[in-house]
Amino acid sequence: MNSDTRSHDGRSPLGSQAANTSGADVGAVIDDVYRTESRRVLATLIRLLGDFDRAEEALHDAFSAAVEQWPRDGVPASPRAWLVSAGRFRAIDALRRRARFDASLAALATQLEGQSAAPVEWIGEETLEDDRLRLVFTCCHPALQPDAQVALTLREVCGLTTEEIAHAFLTAPRTVAQRIVRAKAKIRDARIPYQVPDRHELPDRLDAVLRVVYLVFNEGYSASSGATLTRHDLSGEAIRLGRLLVDLLPEPEATGLLALMLLQESRRAARSLNGDVVLLDAQDRTLWDRALIAEGVRLVERALGTRPPGPYAVQAAIAAVHADAPAAEHTDWAQIVGLYDVLLRTDGSPVVELNRAAAVAMLEGPAAGLALIDAILARGDLQEYQFAHSARADCCRRLGRVEEARTAYTRALELARQEPERRFLQRRLQDLASLVGFGLWALGSSWL
Amino acid sequence: MRYLCLIYDEEKKFAAMSKGESDAFMGEYFGFTEDIKKSGHYVGGNALQPVHTATSVRVRSGKMSTTDGPFAETKEQLGGYYLIEAKDLNDALQIAAKIPSAKTGTVEVRPIQEYN
């Protein structure tokens, strides 16, 4: 993730500090190493020990040993290698001790000791980074339930606690813990391998990983229910995961997803005012994060290099067109409609169609948009989708069809679960009488 | 590690096939079986007669009861199985995906419980 921790050649920058660090400093160094290295060490220990739980215990033991020994002996030149060695040694030692009660563990201990007997210092950076990728692909294995994939990824790859995950997803810690335990049991018992998929499997498997990352991001970006509009921590974790993936596996769709997340994240400060929703067209664009936009745009250009471009890259391109407009009225709607056409061909869905219809309403006027929205609703698709009704309401409002607008806003309000969105719809209903304001109601997160 | 691949499909789809279609389908199965024998994955396998031949047995309080058919009415029926030897779940899933019925029905892949 941090390029500075990846560039050195086996000698950690921390090593040079070892000679003159006092006890308190060593404590700070250990904290720092824990933050930057513990997930990498865990990923390697899972491979060496062949079991998630055993590896977690070994990780814990390795850091306990560091707390004991580093203040006395100094910080090792390569803390990561030291921790992997210490963890592995202690795990094998623990197996030997338990083998007195369970003979089968003795064989396992011998087997683990025999494997990869080469000193851990010899393991190259590449192998260690591969371990992180192995961990990601294992946590997001399609043989695991989607909920479990998300929980396991946040727990093992991001290092969140069960409580933190439960809080973020508004579930009981017990439920999250159960999902993680079951997932680990399936990995062990059905023998889900700890590996990066082969080239021919990679596209499908990468899709599954990206889906997990995007799910985490969206949960943070637009919480599916509850009082707050955004849960920042989850979006931050998703972006960190996205950066990790682009670092380790620079596939176009991984790059596209990171671009999409950065561009959406760039509007965070402008998306709400005193807890109320502010739509894209009404946002204060000076609050948009220009650094995130610049990075997102650079990544979009890279991601669009393949033909046909993947769905994440196209969605990121749409977000980039919005980011490029100095004011809402300067938005290049023709280009946005064109990009939705591309998206419909490669990854079409009723929701994509609805977003395209809303863009058409901006390009050609509300009557054209309304005709498309009504056609989608007439097919029976999206009848239960809040944003379909609010988009219809918006077109009707702009056409002066007040009664129809009122009916559609009311239907949207019945379907809305998030407090700020409910307040927004209520305001729209109140405003209808005077028919003031001109705006476009949001169609999912790309409009917010 | 051994995995059982349970093949579920709609019996009536097979029943509705013409002679030519069912011959071609069986041909695919023979080809697949040959392939996994050659690759060393094959341990065993059989097709089952249709569900109307099935009988369920239960013993409760020492008393045996016998009923006609399977327990539940489902769209897809268990029609056969392969027992395979595979390196890990990914390997097993690759094999399962090549079972001809995977294109029309569902293949459930279950690791065998080993007792030692």
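The structure is a predicted model, in which local features need pLDDT of at least 70, side-chain atom pairs count only at pLDDT 80 or more, and totals for chains, interfaces and linings use all residues. Residues are numbered from 1 along each chain as its sequence is written, while chains are lettered from A and ligands numbered from 1 in the order in which they are written. Helices (H or I, at least four residues) and strands (E, at least two) are DSSP runs, numbered from the N terminus. Axes are lines fitted to C-alpha atoms, for helices over the stretch in contact, and angles run from 0 to 180 degrees between N-to-C directions.

**Helices α17 and α18 of chain A**

- The axes of α17(A) (residues 366–378) and α18(A) (residues 386–398) come within 9 Å and cross at roughly 150°.
- The two helices α17(A) and α18(A) are therefore roughly antiparallel (angles over 145 degrees; under 35 degrees counts as roughly parallel, 65 to 115 as roughly perpendicular and the rest as oblique).
- Residues are in contact if their C-beta atoms, placed from the backbone, lie within 7 Å; among those joining this pair are Leu370(A) and Ile373(A) of α17(A), and Ala391(A) and Cys395(A) of α18(A).
- The contact of α17(A) with α18(A) comprises nine nonpolar, one polar and two charged residues (Ala, Val, Leu, Ile, Met, Phe, Trp, Tyr, Cys and Pro count as nonpolar, Asp, Glu, Lys and Arg as charged, and the others, Gly among them, as polar).

**Helices α12 and α14 of chain A**

- Helix α12(A) (residues 252–265) packs with α14(A) (residues 311–324) at an angle of about 30°, their axes being 8 Å apart.
- That angle makes α12(A) roughly parallel to α14(A).
- Their contact includes Leu257(A) and Leu260(A) of α12(A), together with Ala316(A) and Ala320(A) of α14(A).
- By class, this contact of α12(A) with α14(A) has 11 nonpolar, three polar and one charged residues.

**The sheet of chain B**

- Four strands form an open sheet in the order β2-β5-β1-β6 (chain B), with antiparallel pairing; strands pair if DSSP finds at least two bridges between them.
- Strands β2 (42–47) and β6 (106–111) of chain B stand at the edges with a single partner strand each, so one side of each lacks a neighbour in the sheet.
- The twist from one strand to the next averages 20°.
- Helix α3 (residues 89–96) of chain B packs on the sheet and touches β1 (2–9), β5 and β6 of chain B.
- Five bridges join β2(B) to β5(B) (residues 77–85), and Gly44(B) has Leu83(B) as its bridge partner in β5(B).

**Between the chains**

- The contact takes five residues from chain B and six residues from chain A.
- On the side of chain B that touches chain A, three residues are nonpolar, one is polar and one is charged.

Terms used: Two residues are in contact if their C-beta atoms, placed from the backbone, lie within 7 Å.
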